Every structure is written in C-alpha cells, then in structure tokens.
Amino acid sequence: MGKSRVRRFRRVPRNPESSRDGLDGPGEEEPAAELLDKLQHPSAEVREFACASISKLLQQKHVIPAFLQRDVVRCLGPLLMDHSLAVRETAAGALRNLSACGGFEVCDDMVTKDIMTPLVALLKECSTGLDANQQSPKKCKEMNKNYVEDIANEAVNLLWNVCECNSTAVYIFNKEGCLEDVLRCMKKFATNVDLAISVANCLQAVTEDNPDILSSFNASARQVLETVMLSAESTMKHILLRTLIAGTVWNIKDTIPAGSLGSTVNAILKIFSDSLAIDAGEMIIRMNEAEKSRLKLAEEAEAEENMSDVLGNCVVNEDDDMEETPKGKVVRENDISDLLPSDKWELKEVTDLLTAQQTALEIIVNMCCSEDPSDDEWEELSSSDESDLFMENSYNEGNGLLMSPLCLSDEVNSAFLNNLTPKKILEKTAFPNSVALDICMHNPSWKPLIKKLNAVQCRALTCLHSILLVSDVDCLGGASALQSLAQHLSQLVFSKAELPTDTEFLESITSALRALLQTMASKNISQCMTPEQLLALCEAGIHSGNASVRVNVVGILGISGSVLAKGQDTAETLKMIGKSLLEVAMKESSLVVAGEALDALFDVFADGKEAEKAAEQIKLLPVLKEFQHVFKMRIRKEGKGQYSTDQLCVLDNVKMNLRRFIAYQETLGKTPT
C-alpha cells in the first residue's frame with residue numbers, strides 16, 4: 001500500500017447509444033408474439049417490416065425480456081441468411097440492437113443459442129461478395145444503396161458486440177478465420193468509412209488479451225492496417241478510424257519485427273497527437289454555427305420552393321418554346337444543396353472527435369502499463385535509466401508488479417516524447433469550454449456531448465496519472481513544471497465555490513494529484529497545497545461512495561504529511577492529518593481503505609520531531625494499541641469472501657506493520673529527551 005498504480009482501461013460493452021436506429025415501425029403496442037410470427041411470413045416485405053419493427057422496439061430495455069421469452073435469437077438468426085438482402089440487413093440490425101442494449105447476459109445467451117453460426121456464414125458471404133461487388137455492385141437504384149456493404153456493416157457491428165462480451169465468441173472468431181473476412185471489409189475504408197470504423201471497433205475488441213489471434217496477423221494483414229494508419233483524410237470519421245486502428249496495432253505489437261517497433265509506435269503516437277491537438281470546444285462552436293447556417297439555408301430553400309409553386313399556379317407561361325424548370329425545383333447560382341451531408345452531420349463530426357480523443361487517451365494509459373511483463377521486457381527494464389523510479393512506484397496492494405514504463409527501448413521512449421508531450425495531454429485535463437457547454441446545454445440533440453466532454457477530461461487526468469508514474473522528472477520538464485502542474489490540478493479542485501462531487505472526476509483528479517505529490521516528494525520538490533486545501537479535499541473525498549477516491553485521498557494525506565513531518569512548526573497540521581487518518585482507519589467500512597489509512601499514518605509519523613510532538617498530542621500510541629485488536633478481528637471476520645487473496649495479503653502486511661509501528665512508538669516514549 002502507499003503507492004499509486006497505473007490503471008488499465010478495458011473495453012466495455014457499448015451502451016444503447018451505439019445501437020442501430022430502427023426503421024419506422026409500429027409502436028410498443030404491437031405484441032412481441034405477433035411480430036415474431038411475421039418473421040415466418042412468405043412475403044419478404046412482411047418479414048423485413050417485422051425485423052425493422054423488432055429492431056426499433058429492442059432499443060427499449062424494458063421490452064427485451066418479452067422478446068427473449070419468445071426465443072427472439074433463434075427466430076431472427078436464420079433470417080441472417082434469408083434470400084432477401086433487405087431481410088438480412090434488418091434482421092442483423094435487430095440482433096445488433098439486442099446485443100447493444102441487452103448487455104453481457106443477453107450476449108451470452110445469444111452465443112449459447114448459436115448466433116455465431118449464421119453470423120459467421122453471413123460475414124463470409126459478405127466478404128466474398130465485396131470482391132464481386134466491385135465488378136457489379138448489388139445496389140437498389142432508387143436509393144443508391146449498396147446492400148452487400150450495408151449488410152456487412154450490420155454483421156460486423158453484431159460481431160463486435162458479442163465478442164466484446166463473450167469469450168466463446170472470440171474463440172469462434174479465431175477458429176473460423178474471421179480476421180481475413182473483416183480485413184477484407186476494412187479495405188473498403190476509402191469509399192465506406194462507416195464500415196471501416198465498425199471493423200476497427202471489432203478488431204480492437206478481438207485483439208485485446210487474445211494471444212491466439214496473433215499468428216493470424218501476418219505481414220499482409222498488418223499491411224492493411226498500416227495503409228489505413230497512413231491515410232491522409234482529415235474528417236473526424238477518419239481521425240476516429242486511424243485512432244481505433246492504432247489501438248489495434250498496439251494490441252498486436254508482439255507480431256511487429258523488432259526493427260520496426262520504434263517507427264510503428266511513432267506512427268501510433270503521431271495519430272493520437274493529431275487527434276488530441278484538436279480543440280473539441282472550438283469545434284462544437286464551429287459545428288453549431290455550421291448547423292445553424294445549414295438549417296437557415298434549408299428554410300430559405302423551402303420558402304422559395306413554396307413561393308415558386310404559388311407563382312407557377314398564377315402565371316401563364318407566354319413562351320411555350322422556353323425550357324421549363326422542373327416543378328418544385330428552385331434553380332440558384334452556385335447551388336450546393338445537393339452536396340450537403342446528411343442530417344446532423346455537424347453533431348456526428350464532434351461526436352467522432354470526442355470518441356477518438358477518449359479512445360486515444362485510454363490506449364495511452366494502457367501503453368503505460370503491462371500486467372505480465374515478459375523476461376525480455378524485464379531485461380530491458382533493468383538497464384533502463386528509469387528502472388529506479390519504476391521499482392519505486394510499481395509495487396502496490398500485494399498485486400506484484402503491475403506496470404512497466406511505457407517504453408521498452410530508447411527508440412520507443414523517443415517516439416513518445418517527440419509526439420505526445422505531457423502538455424498535449426494536460427490541455428485535455430482542463431474543464432470544457434464554457435461557451436461550448438452552454439451550446440450543448442440548450443440544444444437537446446447536443447446535450448449528450450457534455451458527458452463525452454467530461455469523459456475526455458477524466459481520461460486525460462488518468463492518462464496524466466499514468467505518465468507521472470512512468471516518466472522521469474526531467475522528461476516532465478523539471479521541478480518548476482511539476483509545481484505548475486500541481487497548481488493547475490489544485491485549481492481544478494478548488495476553483496469553484498463548492499468542491500466537485502462527480503465520482504468519475506474525483507477518482508481521476510485524486511489519482512493524478514496523488515501520483516504528482518508522490519513524484520514531487522520523491523525528488524524533494526516543495527508541495528503546493530495549503531493545509532486548508534488538503535483537509536478540504538480530504539473531507540470531500542472521504543465521504544465519496546467510491547472506494548478508489550477514498551484510497552486516493554488517504555494516500556494524498558499520507559504523502560503530504562510525510563513531507564510536512566520533515567519541516568518545522570508543522571505539528572498543528574500534522575495533528576489534523578493524524579486525526580483525519582485515525583478516524584478513517586477506525587470508522588471506514590472498507591478494510592482496504594482502513595488499511596490504506598493505517599499505512600499513511602505509518603508514513604506521516606515515521607520520523608521527525610514535529611511528528612513526535614503531534615503523535616503525543618493526539619495520543620496516537622494508545623489509540624493504535626486499542627485499535628490493533630479491533631483491526632485483527634475485522635480482518636478475521638470480514639476478510640474471507642469479501643476481499644481477494646491479494647487484498648487479504650496486503651491487509652495481513654498492514655496488520656504486521658501496525659504491530660511493528662506500535663513497538664517503534666513505544667521505543668520513542670522510552671528514549672530520554
């Protein structure tokens with residue numbers, strides 16, 4: 001205990017926002033049984049309508065149980081291979097919504113009911129059809145619709161959802177050689193970026209913690225990913241696509257030849273840097289103005305069209321030979337109305353940017369940690385200039401070595417510093433642009449962006465925390481840069497009238513603060529938080545419902561207190577810190593947090609005249625002697641069943657240190673002054 005650890009982000013199933021918009025169908029009053037019966041209708045149009053109706057209803061979570069009870073998976077599954085392409089697409093869309101809105105249990109149920117068999121068959125048929133499609137595309141002329149690519153998009157999204165939730169689905173993905181099929185879809189990125197993004201998301205899911213897939217990533221497969229990474233399109237969709245592919249390449253880094261690893265990491269970090277360099281707040285402002293202009297032009301065009309209709313009914317054309325403008329079509333100079341993107345494209349641009357930035361930050365956090373370093377990595381780490389800092393910061397809570405420096409070589413380290421300076425990440429830790437927030441607050445369709453803006457800020461703070469743990473002080477800009485950073489983080493906490501209460505923000509800001517103060521203390525760099533700020537943060541954090549926040553706050557108190565103990569005239573502040581830590585240790589419901597508080601007490605009162613004076617005034621020794629038995633009994637009663645083996649190991653260690661600390665304090669009392 002007492003050391004901060006690098007947090008690793010794992011991909012989690014998407015929420016219902018990621019489900020497919022259903023086609024217009026009947027309302028909720030249409031019984032599930034009736035719709036499922038229509039799936040067997042001889043008319044393809046009826047089957048398509050039933051699939052679309054089910055798809056729409058499945059976006060409502062409370063409706064899902066009714067469909068599951070009637071075996072919706074086995075009813076829709078065979079339609080993935082229906083002779084009608086339209087039915088295939090809507091069936092895949094319905095299953096996609098079911099998987100996105102249903103979560104882990106529903107995805108498990110889908111795999112148990114063998115959804116992978118028709119899904120894999122559909123994917124392979126689409127993959128084969130993509131090549132044939134180049135010669136004679138299967139399109140609906142009226143809608144300019146490419147059925148093969150659209151069906152492939154739905155299939156890949158469904159595959160992504162189930163593979164993200166279910167290890168059996170990933171096993172089948174490997175066994176059936178689905179990588180080749182999705183990579184064939186990826187090759188369409190130049191003309192169908194939406195399909196490519198779906199594939200990229202799927203690839204990120206199936207390459208995470210999946211060593212069995214690595215052998216499939218030969219030079220040809222890696223070349224497909226490299227081509228996407230090197231693409232130059234500047235739309236937010238393409239930035240998101242490159243970010244996702246960069247994450248996949250990091251996941252399969254073990255397949256990259258050693259001589260190419262440095263340049264590959266360089267390319268990955270360059271993509272992340274380009275994404276993070278864009279100011280999302282400014283983009284929201286620009287895109288909102290673009291949306292207003294587009295809607296205004298549309299209104300004007302509609303008004304002119306209406307006026308044209310009125311005049312056409314009143315005016316008799318005197319020249320019958322004059323070329324007639326088609327009725328209802330307004331001809332204007334430099335008319336670009338037909339070139340305008342689809343509805344809400346401005347909102348989609350911002351959403352894609354924020355998703356790219358959040359993804360980039362999460363991947364950087366993962367790059368900073370390695371849960372199971374290989375022997376080769378250990379050999380390189382042991383000779384690294386950063387090895388001392390690594391050993392100091394890497395052991396935590398009995399879990400062994402939980403992180404390694406981002407860089408496995410000087411070449412990779414150079415790539416990181418050249419492309420992603422801490423400043424770029426620091427910029428993302430600031431509160432979102434107030435003007436942009438105001439736009440989102442007053443526009444219902446833009447309001448969900450607030451959550452995404454906050455998520456990017458929290459990921460940036462977590463990323464900063466990770467970088468602080470694995471980077472040398474000089475790489476971070478030296479003592480003055482760390483003091484400026486401490487001021488910045490303090491302002492995030494204390495700039496408003498009331499301290500923040502959002503759990504995710506509190507966890508990320510306290511993690512970053514703890515890592516920063518830890519780094520500064522290890523290098524004897526003066527701290528910046530006042531005692532009043534320190535205790536105010538403790539008061540806010542210790543009442544959080546999130547145990548990680550409470551652990552961080554206790555750690556911050558321990559670090560700050562141990563630094564103050566070396567100073568002069570600090571006994572009063574040490575008394576306040578000591579009382580706070582004692583209260584946490586004795587009253588905290590979580591043994592892990594209580595153990596962390598005891599650990600912090602050991603650090604604060606380990607040495608120093610001021611610490612001795614404060615310890616005597618708060619009666620630290622008698623309080624701990626009385627509490628020792630209580631702590632032992634709590635571990636014995638609550639430990640088994642509630643805490644992991646690693647946590648119990650840590651708590652046993654704290655129990656032993658408590659006994660030693662009491663013995664140490666007793667010797668101080670016997671020492672003549």
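This is a predicted model: local features need pLDDT of at least 70, side-chain atom pairs count only at pLDDT 80 or more; totals for chains, interfaces and linings use all residues.
I started with charges over rings: the charged end of Lys-253 sits over the Trp-250 ring, 4.4 Å from its centre. My cut-off for "over" is NZ of Lys or CZ of Arg within 6 Å of the ring centre and within 35 degrees of the ring normal. I found the charged end of Lys-496 over the ring of Phe-431, also listed at 4.4 Å from the centre.

Residues are numbered from 1 along each chain as its sequence is written, and side-chain values use heavy atoms, with hydrogens and water left out.

Next, aromatic pairs (ring centres of Phe, Tyr or the six-membered ring of Trp within 6.5 Å; planes under 30 degrees apart are stacked, over 60 edge-to-face, the rest tilted). I count four in the structure. Phe-661 and Tyr-664 make a tilted one, 6.2 Å centre to centre with 45° between the planes. Both sit in helix H30 (residues 645–670), three residues apart, about one turn of the helix. Ring pairs also bring Phe-602 into a cluster with Phe-661 and Tyr-664.

I checked burial too (buried is under 20% relative accessible area, exposed over 50%, partly exposed in between; 1.4 Å probe, protein chains only). Phe-661 is buried at 6%, while Tyr-664 is partly exposed at 28%.

Last, I looked up Met-186. Leaving out residues up to four places away in sequence, Met-186 touches several residues, including Ala-196, Leu-203, Val-228 and Ile-245; contact here means heavy atoms within 4.5 Å.

Terms used:
Helices (H or I, at least four residues) and strands (E, at least two) are DSSP runs, numbered from the N terminus.
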